[in-house]
Amino acid sequence: MSNKKKVFIKTYGCQMNEYDSEKLLLDLEKNHYQQTGDIQEADMVLLNTCNIREKAAEKVYSELGRVKKIKDHKTDLKIGVTGCVAQAESLEIFDRQPAVDFIVGPQSYHKFPEIISKVNDGEKNIIETNFEALDKFQSIASLAVKPKPSAFVTIQEGCDKFCTFCVVPYTRGKEVSRSHKDILREIIESAKKGVKEVILLGQNVNSYNFEGISFPSLIYSLAEIDDIKRIRFMTSHPRDMTDELIRAFGNISKLMPFLHLPVQSGSNRILKSMNRGHIVEEYVEIINKLRVIRKDICFSSDFIVGYPGETEKDFQETIDLCEQVQFAQAYSFNYSSRPGTPASRKEELDEDVKKRRLHVLQDLLTKQQTTFLERQKNRQHNVLFEKIGRGINEYVGRTEHFSPVTVVSKENIVGDIRRVEINAVMSHSLRGVLK
Ligand code: SAH
Ligand code: SF4
Ligand code: F3S
C-alpha cells in the first residue's frame, strides 16, 4: 500500500506503559512508521517493558530471544527496549541480548523522535536512560490522543514513597505532577474526538499537586467539561486519600463509584516493615468513610503475599481484612525480590509457603468477586460501550463499577452510555440486554 515502515509494539506492565506506548507510536507515525500486529512483517520491534516482578523482567529477555531469531533472517530489523526494564537494567540489556539496537528509559521519551532518526540512520547501541521528568511532560503535552470512548491520561509520574519491595521509585524517578493546563487541554481535545471517560493515571495519582492545585481540585475542574461523562483514577495510595478527596466522591457524580486502593497486607507489622506509611485501621477508616458518602462505591486492591518475615498470623490478618472489606475485585501477587530494593536484603520465605498462602488468598478474592458480580443480576446499570465484542453483533462496555459487560445489539453502540439489565454472570464479567 505505502512505503511506510512497520513497527510491532508489545506492551507489558501497567496502564502507564500502555499510555506511553500510544505516545511512542504517535512519534513513530510522524516518522513514517505504521503499527502492525504481525511481528514477522515488522521493520522495528519495540518492547515496552515492566520490571515490577522478576517474572515480568525475565519475560522480556525470552521475548528478545525470539525477536533475535527473526533478526537472524532479517538483518535490518531494529529492536528497541523501552519502559522500566530499560531504566533498571540499562546497558546490561546490550550484554544479555546484543541484537538490541536501542534502549530508552521512561524519563527520556521526549528524546524518542531524535532516537528514531538515529535508528533509521543505522546507528547501533543507542541508550537514553537519564532522569528528566519535567522535560518529558513538556513534550507529551503536544501530543494528541486517539479517539476512543475511554482514554488514559497521565497526570503524575514517579514515586517518592519508597515501599521497601518496589522498583518504581528507581525506574520512574521522583514524583512529578503534570501542568493543570496541559491536562485540561489534552482532555478537552480528547472530548472533541469522542472520549467520554478519562482514567487519570499516576503511580501515586492522588498525590497530584501542581503549583498548589490539588488532586480533588483537578477532578472538580474536569467534571465541568460537558462531554466528559465519567472520571476514574489509578493508582491511589491510602496515605493520600484526604478527606477532601473522599468528599469529592459524594459531590461529583461523574467520579465513578469504584476505587482501586492497594493495601498490600492486612498486618500492621508487615505494613510497617514495607514502609507503607499507614496502618490497617486507617485503611478501613477510608473505606468506611467512602461507603457513607457514596453508598454504591466498591473497592479493588493489590496484595503482596509472602513478604519477608510474614508469619501465619500476619497472613491471617490479610484474610481478615478481606473478609471485613469485601472487595469487588483484587490483584494478588507472591512477593518477588527485586535487585536494589531494601527488601531484597531480607531473608525470603519458603516458596511453598508463599504459594500456599497466595492460593488461599486468591480463592477468597475470587469468591468475593463472584459474589459482587452475582449481586448485579437483574439490576440495571449505565454502561459505557468501548468496543466490539468477539461474537456476532456483540459490544463490550463497563458499568459504573468498572465491571465488563457484553450485550448484543444490531446498531453500533461504541461510545454510547446505555442502560443495561444484567442477566448473566460469567467468570470475570457480566452479560446483559439493552433497555
Ligand atoms: N503505586 C501503586 C502500585 C504500583 S505497583 C501502590 O502504591 O499501590 C503495582 C502492584 O504490584 C503493587 O500494588 C504491588 O501489589 C505489586 N508489587 C510491587 N512490587 C512487588 C514485588 N516486589 N513483588 C510482588 N508484587 C509487587
Ligand atoms: Fe511502589 Fe510503594 Fe511507590 Fe506504589 S507507593 S509505586 S508500591 S514504592
Ligand atoms: Fe511495571 Fe514500570 Fe508500570 S515496573 S508496573 S511498567 S511503572
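Student: Is E211 buried or exposed?
Tutor: E211 is exposed, because its relative accessible area is 71%. Exposed means over 50% relative accessible area, buried under 20%, and partly exposed in between, with a 1.4 Å probe and protein chains only. This is a predicted model: local features need pLDDT of at least 70, side-chain atom pairs count only at pLDDT 80 or more, and totals for chains, interfaces and linings use all residues. Residues are numbered from 1 along each chain as its sequence is written, chains are lettered from A and ligands numbered from 1 in the order in which they are written, and side-chain values use heavy atoms, with hydrogens and water left out.

Student: Where is E211 found?
Tutor: In the loop between β11 (209-210) and β12 (213-214). Helices (H or I, at least four residues) and strands (E, at least two) are DSSP runs, numbered from the N terminus. Phi of E211 is near 45°, a positive value in a residue other than glycine.

Student: What about phi of N378?
Tutor: Phi of N378 is near 70°, also positive and not in a glycine. N378 sits in the loop between α14 (351-374) and β17 (380-388). With 60% relative accessibility, N378 counts as exposed.

Student: Backbone again. Which residues does the cis peptide bond join?
Tutor: M234 and T235, with omega about 0°. T235 belongs to the loop between β13 (230-234) and α10 (243-251).

Student: Switching to helices. At what angle do α1 and α5 cross?
Tutor: Roughly 50°, and the axes of α1 (residues 15-30) and α5 (residues 112-120) come within 10 Å. Therefore α1 is oblique to α5. Angles under 35 degrees count as roughly parallel, over 145 as roughly antiparallel, 65 to 115 as roughly perpendicular and the rest as oblique. Axes here are lines fitted to C-alpha atoms, for helices over the stretch in contact, and angles run from 0 to 180 degrees between N-to-C directions.

Student: Which residues make the contact?
Tutor: L24, D27 and L28 of α1, with F112, P113 and I116 of α5. Contact means heavy atoms within 4.5 Å. By class, the contact of α1 with α5 has five nonpolar, no polar and one charged residues. Ala, Val, Leu, Ile, Met, Phe, Trp, Tyr, Cys and Pro count as nonpolar, Asp, Glu, Lys and Arg as charged, and the others, Gly among them, as polar.

Student: Now I155. Where is its place?
Tutor: I155 is in the loop between β7 (150-154) and β8 (156-157). I155 is buried, at 0% relative accessible area.

Student: What is I155 in contact with, leaving aside neighbours within four places in sequence?
Tutor: The contacts of I155 include F137, V176, R178, L200, Y208 and F215. The C-alpha atoms of I155 and N206 are separated by 9.8 Å, and the two residues are 51 apart along the chain.

Student: And S332, buried or exposed?
Tutor: S332 is buried, with a relative accessible area of 10%. S332 lies in strand β16 (residues 329-334). Beyond neighbours within four places in sequence, S332 is in contact with F303, L358, L361, Q362 and L365.

Student: Last topic, ligands. Which residues are around ligand 2?
Tutor: Among them are C159, C163, C166, H237 and R276. A residue is near a molecule if one of its heavy atoms lies within 4 Å of it. The shell around ligand 2 has seven nonpolar, two polar and two charged residues.

Student: What surrounds ligand 3?
Tutor: C14, N17, T49, C50, N51, I52, C84, R172 and Q203. That shell around ligand 3 divides into four nonpolar, four polar and one charged.
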